[in-house]
Protein chains: 2
Amino acid sequence: VKGNKITVDTDELLALIEADDASLSAYFSSIPHAADLVEFFDLADIKYWPRFLLLIGDEEKRAELILHLDRARWPELLEHLDELNIATLLKHLESDDAADLLAALVPEKQLAVLRALPLEDRNQLAQLLKYPEDSAGGIMQVERAQVRFGAVVADAITKVRELVEEDVEVLAVWVVDDAGRLMGTVALSDLLLNKSTSAISTLVNTEIISVKPLVDQEEVARIFKKYDLLALPVVDDDNVLLGRIVIDDVIDVLSEEAEEDTLQLAGTSPEELFHETDALGTARIRFPWLVAGLICSFVSMLVLVLFQPLIERAVALFTFIPVISNMSGGVATQSATVIIHGFSTGKADLSDLPRILFKEMRVGMLMGLAFGLLAGGASTLILGSAYYHVGVVVFVSMCVALTAATLLGVFAPAILKRLGADPAVASGPFVTSLMDITGILLYMITATLFLRFFGTI
Amino acid sequence: VKGNKITVDTDELLALIEADDASLSAYFSSIPHAADLVEFFDLADIKYWPRFLLLIGDEEKRAELILHLDRARWPELLEHLDELNIATLLKHLESDDAADLLAALVPEKQLAVLRALPLEDRNQLAQLLKYPEDSAGGIMQVERAQVRFGAVVADAITKVRELVEEDVEVLAVWVVDDAGRLMGTVALSDLLLNKSTSAISTLVNTEIISVKPLVDQEEVARIFKKYDLLALPVVDDDNVLLGRIVIDDVIDVLSEEAEEDTLQLAGTSPEELFHETDALGTARIRFPWLVAGLICSFVSMLVLVLFQPLIERAVALFTFIPVISNMSGGVATQSATVIIHGFSTGKADLSDLPRILFKEMRVGMLMGLAFGLLAGGASTLILGSAYYHVGVVVFVSMCVALTAATLLGVFAPAILKRLGADPAVASGPFVTSLMDITGILLYMITATLFLRFFGTI
């Protein structure tokens with residue numbers, strides 16, 4: 001009964017891959033939740049998938065399983081299923097998922113599958129395919145329980161029955177006027193607790209939130225979270241109800257966006273996950289991010305070449321370069337991440353910039369003092385007291401560089417936001433590389449000034 | 001009607017803060033969704049909050065608003081509300097939220113508020129307070145529609161009515177045996193579509209997933225996602241139903257965990273957000289992460305001190321240090337992030353290690369070749385052809401360092417996972433710093449070998 005406790009013996013599964021049709025079919029029937037078949041499919045080579053899929057007798061379960069398989073592999077899998085098999089799958093999918101599946105087909109096959117569908121479904125899906133995948137329209141379902149304002153509870157129950165018979169999850173009944181414009185919603189429990197002759201107009205809740213189909217899916221997730229919704233209606237410019245977004249799709253959106261953010265922060269992308277064993281394909285995706293890093297680090301190198309005469313006079317100075325660049329990069333990343341997080345959650349805005357800047361500057365000065373003393377002291381210990389002046393240069397440049405780092409950490413995302421770009425780009429490699437250069441430059445300038453004023457270094 | 005389109009004039013809101021009780025009360029009544037009052041509260045100083053709260057006539061809305069206010073500020077806010085006011089709030093909250101609110105009180109006040117509650121609520125909440133905040137028990141609600149296996153549809157409808165009257169959201173009816181052990185669930189639509197005399201036993205779906213109360217909330221979120229659930233029952237070791245987790249709480253869990261991950265990756269923590277203007281408090285949170293960075297960078301420095309004689313013979317060598325450390329850190333972070341992502345989404349496992357390692361090594365060698373050629377060429381250009389041997393050293397060390405970087409990027413998270421620690425710790429500053437050291441070391445060793453075999457550098 002506890003799905004999360006199912007223990008799977010990998011060896012048994014591997015043996016099953018080679019089993020005959022009857023054993024496979026029996027195995028598939030024995031697992032109640034399609035999601036629990038994913039591990040078996042992942043173990044088998046994708047060339048077996050089409051045969052396996054057709055051995056799942058329960059068409060409903062077959063369709064559900066497809067949704068849990070890696071979407072990156074849909075094109076390859078669908079290539080080996082014929083139009084009629086795909087059309088059967090589509091019948092058991094919610095319309096948003098059906099549209100996603102269709103989108104994974106090559107154009108000719110897409111047309112062939114659409115032709116194999118009943119006219120109504122065909123038009124619905126063709127309509128859904130027009131919305132961008134990551135928009136409200138792209139994640140909405142068109143099937144829904146919908147009644148007119150003048151209806152009674154019994155009418156609504158009839159609608160619910162129709163949908164439940166088609167295996168559509170019903171969370172609420174939508175109420176529209178004669179032109180299809182959204183007026184409100186009635187909870188299932190209200191239908192349950194009122195007489196079948198009660199007027200819908202007396203039960204309808206008109207204080208509802210809705211979105212337009214082109215709203216970004218991240219914004220949709222924010223609205224769900226803010227208003228604790230289970231479903232969100234999508235309406236056109238005339239407020240005509242087009243479909244609904246259900247909360248379990250929002251869970252997928254949130255995971256997807258978190259995945260994308262994490263991978264992009266490290267200089268790669270979710271696309272890479274499609275190249276399971278292809279080293280060249282993977283390298284190609286990661287390459288551009290590293291080229292950006294290479295260019296930045298060459299600027300650091302140029303700065304050092306510029307100061308080469310200084311280093312020749314005091315070689316010990318150069319040993320400190322990793323410390324100054326590591327520390328100032330770290331401090332800048334911390335500030336940038338907090339600001340970006342504030343922007344993305346709506347907790348901070350450009351109007352808060354003076355307050356944030358004032359605070360971060362003080363944080364930077366505190367860090368500069370603390371780490372300047374620590375690093376200056378440690379440098380003197382490592383290099384020996386003959387090099388105490390390096391310790392002084394380290395202390396001064398650390399104070400300046402860490403304060404500068406917090407300023408860069410605040411300004412980089414703020415400028416991007418001001419320009420209308422995604423402030424998150426400023427985190428990770430970008431700020432680190434920029435601060436590398438700045439840190440080394442400040443350190444070298446401090447050392448030069450020291451040399452000029454004290455005549456020694 | 002479109003909550004996401006409400007445009008708020010900040011100046012008007014600021015003027016409202018100073019308004020009299022009657023105007024404030026009228027304003028609060030005019031906003032249908034409590035979530036839309038958050039911006040106004042955030043603009044006002046927290047010292048006004050208790051008065052504002054009590055001016056919201058609708059107790060339901062008042063309770064809902066509290067949930068949307070920053071939880072870090074609950075202790076300060078609750079300090080200024082008396083026991084009876086807090087007890088009234090609790091009555092309108094779901095039990096999981098009520099327990100969270102109670103947990104924000106100092107122990108004496110917590111006792112006083114509990115005493116002001118009816119006996120049943122008091123026992124329920126005292127029970128919930130025992131579970132860790134981030135466990136299934138910590139996010140479950142105890143209120144639910146529950147019937148015996150022998151009941152009929154009419155009994156279930158009575159239960160639903162009781163809960164709806166208490167403003168509890170009902171998504172399904174739970175079916176238990178005489179000892180309270182979970183047997184299955186009946187959908188609301190099944191109640192709606194069947195006769196009131198139908199036996200529950202004929203409608204119950206027994207293929208359900210459940211969790212124990214101490215399961216981590218991240219695991220709970222994964223189960224919701226995997227099985228597309230709207231609600232998940234929590235049971236004890238004897239399978240007795242304790243409560244249910246509802247999907248909108250899972251949305252909060254996902255956002256919370258994503259926030260935590262992002263901030264920790266940058267070497268800070270969500271705690272920092274409680275220190276809005278306190279630079280010292282903020283610095284204290286960020287400090288330990290930077291100390292770790294400082295220690296690592298000092299190891300890099302020691303490596304350089306070790307090779308100081310080499311640098312004195314060929315000062316130009318040192319200019320390349322930022323490039324090698326930046327590039328190898330970047331490559332290692334990319335590999336580590338992809339592995340960590342695979343582990344955390346369950347797409348990869350320790351058993352996949354040989355395959356992953358083989359692939360990443362090839363990626364590393366490709367990167368090493370490409371960037372070795374680029375960087376070696378560029379170095380020769382920057383330093384002039386007299387330094388072509390630096391270019392050769394750069395090429396060789398880049399090839400070795402970038403291959404080593406992918407290996408480190410794979411092994412660091414894998415070793416942490418093997419030890420039972422969180423592999424995500426390996427991403428960000430940790431891998432970068434470790435690779436800094438390794439990169440510099442490999443570069444210096446290559447240069448030394450070059451010097452030994454060719455007699456020049």
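At 18% relative accessibility, A:Asp100 counts as buried, where buried means under 20% relative accessible area, exposed means over 50%, and partly exposed lies in between, for a 1.4 Å probe and protein chains only. This is a predicted model, in which local features need pLDDT of at least 70 and side-chain atom pairs count only at pLDDT 80 or more, while totals for chains, interfaces and linings use all residues. Residues are numbered from 1 along each chain as its sequence is written, chains are lettered from A in the order in which they are written, and side-chain values use heavy atoms, with hydrogens and water left out.

Side chains of opposite charge can pair when their charged atoms come close. A:Asp100 forms a salt bridge with A:Arg71, with 2.9 Å between the closest N and O atoms; the term stands for a side-chain nitrogen of Lys or Arg within 4 Å of a carboxyl oxygen of Asp or Glu. This pair links distant parts of the chain, 29 residues apart, since A:Asp100 sits in helix α8 (residues 95-103) of chain A and A:Arg71 in the loop between α5 (59-68) and α6 (74-79) of chain A. Helices here are DSSP runs of H or I with at least four residues, numbered from the N terminus. A:Arg71, at 38% relative accessibility, counts as partly exposed.

In chain B, a salt bridge joins B:Arg222 to B:Glu219, whose closest N and O atoms are 3.2 Å apart. These two residues are separated by about one helical turn, because they lie 3 residues apart in helix α14 (residues 217-227) of chain B. B:Arg222 is partly exposed, with a relative accessible area of 40%, and B:Glu219 counts as partly exposed at 27% relative accessibility. Returning to chain A, salt bridges that share partners join A:Arg71, A:Asp97 and A:Asp100 into one network.

Another pair crosses between chains: A:Arg286 in helix α16 (residues 279-306) of chain A reaches B:Glu360 in helix α19 (residues 353-383) of chain B, and their side chains meet in a salt bridge of 2.8 Å, N to O. Both A:Arg286 and B:Glu360 are buried. Over all chains, the count comes to 20 salt bridges.

How do the two chains relate to each other? Chain B can be laid on chain A with an RMSD of 0.2 Å by a turn of 180° and a shift of 0.1 Å along the axis, the copies being superposed by least squares on the C-alpha atoms of residues with pLDDT of at least 70 in both. The two copies are therefore related as by a two-fold rotation axis. In chain B, the C-alpha nearest the axis belongs to B:Leu192, 3.0 Å from it.
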